[in-house]
Amino acid sequence: MDFMEWLRPHQGYLERVALALLGNRADAEDAVQEAVLDAYRNRHQLRGGQAAFGAWVRRILLNQCRRAIAKRRGLVPIGDLAENAAVQAVPGPDEEATDLWNMVSRLGEHLRQVIVLHYMLDYSQAEIADYLGIPLGTVKSRLGKALSILRRWDRQEEGIGHDVGRV
Amino acid sequence: MMSDEFEVRLEEGLKRWASAGEATPNLDELIKNGMAKGARASGQVASERPTVARKPWARLWALRPVRAAAATAALAVVLVGTFPTWAGAVADWPLIGPVVTEIVMQDAGLKWAYENGLIQKGIAEARDGEMVFKVLGVMADPLRTTVIYQISGVPGTSGAKTTATGAAPGDSKPVPATESDPPLPAPDTAAWPSVAIASVDGQGAASWQQSPVRTPLGWVGAISTYALEKDSAELKLEVRYGGHRLSLSFQASRAGAARFAREVKAPVGSQGQLADGVTVTLDSVIYTPAETLVKYDVKKPMFSGGYSSGGTSLSHYIEAGGRRLDPVQSHGGWSADGSSVTMFEVFPAVSGPAKFVINGDVYGKETLLTWDLTAGSKQSVDGAPVTLTDAHWDGARFQAQWTFATNDKFVGMAEFDVVDASGQAYPLKAVSEGTARSSQQVTKTIVAELPTGFHPVAVRAHQVGMIAAGPLVFDLPR
């Protein structure tokens with residue numbers, strides 16, 4: 001296996017997933033680096049060859065992000081809108097993708113994570129609950145709230161007039 | 001499931017955003033530095049074999065010169081007269097020494113053969129244009145025949161490509177296959193050299209390749225086939241790389257290593273049955289100083305798909321002296337009529353009484369499972385849902401992915417085809433196929449070419465790989 005050759009097509013994606021979950025570039029870089037090194041050390045455990053490499057290394061990254069998120073537990077997020085603008089507005093391949101990410105990046109951490117896990121990474125609500133270590137009801141509640149906020153911002157973007165209020 | 005237009009846009013937009021990521025240079029450097037440090041610190045090595053996973057050696061060794069024991073010195077003299085062997089420290093070979101060291105040290109048989117002066121020196125070289133293929137060493141023992149080689153002179157090619165959406169393969173959520181999707185990139189089959197042992201003494205041979213490693217002096221790798229049936233034989237290799245093709249033949253000898261091996265046939269009647277009529281017959285055991293080979297036959301319907309053999313339900317191992325020994329290599333060859341397979345499993349060396357345990361095996365079962373090319377399309381195997389999680393088609397190439405929960409009943413599907421709206425079927429001949437398994441989930445992926453104008457509406461599997469449960473326990477004959 002030429003590990004770096006196999007990793008290269010996936011590295012940018014892994015960095016964005018980590019950024020989306022952890023909210024800042026420093027933590028994301030740490031997580032990606034740890035995950036890739038973990039994958040390298042355990043590369044003999046990969047089954048399915050190169051075709052399976054992307055999904056396999058993604059799982060390792062998600063486990064790494066999960067550990068990073070768990071370490072932060074106990075820090076109470078302030079409001080549903082992140083005061084920390086640490087999640088940067090990072091451009092996507094097209095205007096719509098960029099706008100959608102920018103909206104999601106403005107959510108508070110605990111709302112952003114459920115949106116990323118569900119819509120970007122295809123986790124079910126039960127899987128999100130397990131991943132974040134929170135009750136299923138809390139996942140449903142956060143998803144509902146996050147979607148409500150995002151829809152409102154989306155309508156505002158489209159010029160359907162509503163007052164912008166703090167949530 | 002998606003409930004409205006906004007959620008669909010949200011999902012697709014976030015995935016496009018994630019897939020558009022590009023590796024940041026400083027992280028690239030951090031990863032490479034970390035890998036270099038980690039590799040030096042742990043010395044872990046790995047190789048890919050076609051079947052059961054291997055155990056990596058615990059650390060890299062610097063190869064030491066051959067021991068000066070009288071017996072091995074005498075043997076070396078004999079071999080030098082007929083087949084010259086490696087001498088000196090391979091690790092000192094410029095630029096390729098560390099890679100050859102890794103190949104040898106991660107295989108107990110090769111390591112032992114090297115330490116005892118039994119790796120035949122490479123004496124064959126061939127060229128095609130600027131490509132040079134050189135046999136660096138040959139090791140033939142009663143368990144296998146391995147050729148270590150070097151390919152130089154041809155520039156390397158790039159590695160794997162992403163899917164059409166730019167997403168990591170296997171990650172995208174189900175979308176209906178549409179003709180408007182951008183074209184899938186051609187799989188990069190030229191990334192590695194293709195090296196095969198085409199024949200032994202003129203008879204067609206099966207061979208398995210260890211992943212070659214790129215060095216400043218070209219590719220270095222190893223290719224193996226089954227043990228020679230007599231003391232020496234002519235091997236013929238065929239090599240394809242970068243538009244070049246060549247073949248070359250040379251003599252290999254197992255006379256040296258065979259002197260240290262002992263084969264014991266199993267008593268008549270060494271046979272047992274797993275579930276569903278799968279029958280296992282123990283044939284023989286070969287004991288060498290470094291390894292133990294168990295040869296046995298399994299009578300079962302063939303499963304033509306790939307699968308991951310992780311988990312306990314398919315484990316095979318030896319129990320000896322209170323220890324469990326897992327196989328380090330596993331190879332098999334099917335009978336001409338496809339009704340049985342002869343398996344060769346290599347374990348660490350065993351001394352004293354031992355038992356060979358088979359917890360289960362995989363056989364093929366004919367079936368017909370049909371997934372519409374729509375999001376979340378499901379079929380059931382023995383009550384367990386198998387979900388089509390991805391399907392892409394660009395008018396020429398079709399890619400599909402399924403997931404199902406890891407279980408102890410079946411391992412995967414095979415013999416796929418696609419059908420169009422008129423019911424016409426087209427068999428999928430995979431250009432790439434993979435199975436990935438975690439403790440919770442198995443993911444099966446297939447990429448195949450379709451004829452121009454064929455518009456698939458469903459994908460089908462005609463076979464599933466079922467697990468025949470055991471256990472069976474054999475006392476190894478001594």
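Colleague: What should I know before I start?

Modeller: This is a predicted model, where local features need pLDDT of at least 70 and side-chain atom pairs count only at pLDDT 80 or more, while totals for chains, interfaces and linings use all residues. Residues are numbered from 1 along each chain as its sequence is written, chains are lettered from A and ligands numbered from 1 in the order in which they are written, and side-chain values use heavy atoms, with hydrogens and water left out.

Colleague: How many helices and strands are there in chain A?

Modeller: Helices (H or I, at least four residues) and strands (E, at least two) are DSSP runs, numbered from the N terminus. Chain A has 7 helices and 0 strands.

Colleague: How do I read two packed helices?

Modeller: Two packed helices are described by the angle between their axes and the distance between the axes. Axes are lines fitted to C-alpha atoms, for helices over the stretch in contact, and angles run from 0 to 180 degrees between N-to-C directions. In chain A, the axes of helix α5 (residues 109-120) and helix α6 (residues 125-132) come within 10 Å and cross at roughly 130 degrees. The contact (heavy atoms within 4.5 Å) is made by A:Q113, A:V114, A:L117 and A:H118 of α5(A) with A:I128, A:Y131 and A:L132 of α6(A).

Colleague: Now the strands: how do they pair?

Modeller: Strands of a sheet pair through backbone hydrogen bonds, either parallel or antiparallel. Two strands count as paired if DSSP finds at least two bridges between them. In chain B, 4 strands form an open sheet in the order β6-β5-β9-β10, with antiparallel pairing. β6 (203-204) and β10 (244-253) of chain B stand at the edges, each with a single partner strand, so one side of each is left without a neighbour in the sheet. Inside that sheet, β5 (residues 194-200) and β9 (residues 232-241) of chain B share 6 bridges in the antiparallel sense, and B:I197 stands opposite B:L237 in β9(B).

Colleague: Is strand β23 of chain B mostly covered or exposed?

Modeller: Mostly covered: 10 of the 11 residues of β23 (residues 410-420) of chain B are buried. Buried means under 20% relative accessible area, exposed over 50%, and partly exposed in between (1.4 Å probe, protein chains only).

Colleague: Which residue is the bridge partner of B:G412 in β27(B)?

Modeller: That partner is B:G465. β23(B) pairs with β27 (residues 456-475) of chain B over 9 bridges, in the antiparallel sense. 3 bridges also join β23(B) to the antiparallel β24 (residues 425-427) of chain B. In the hairpin of β23(B) and β24(B), with 4 residues between the strands, B:G423 takes a positive phi near 95 degrees.
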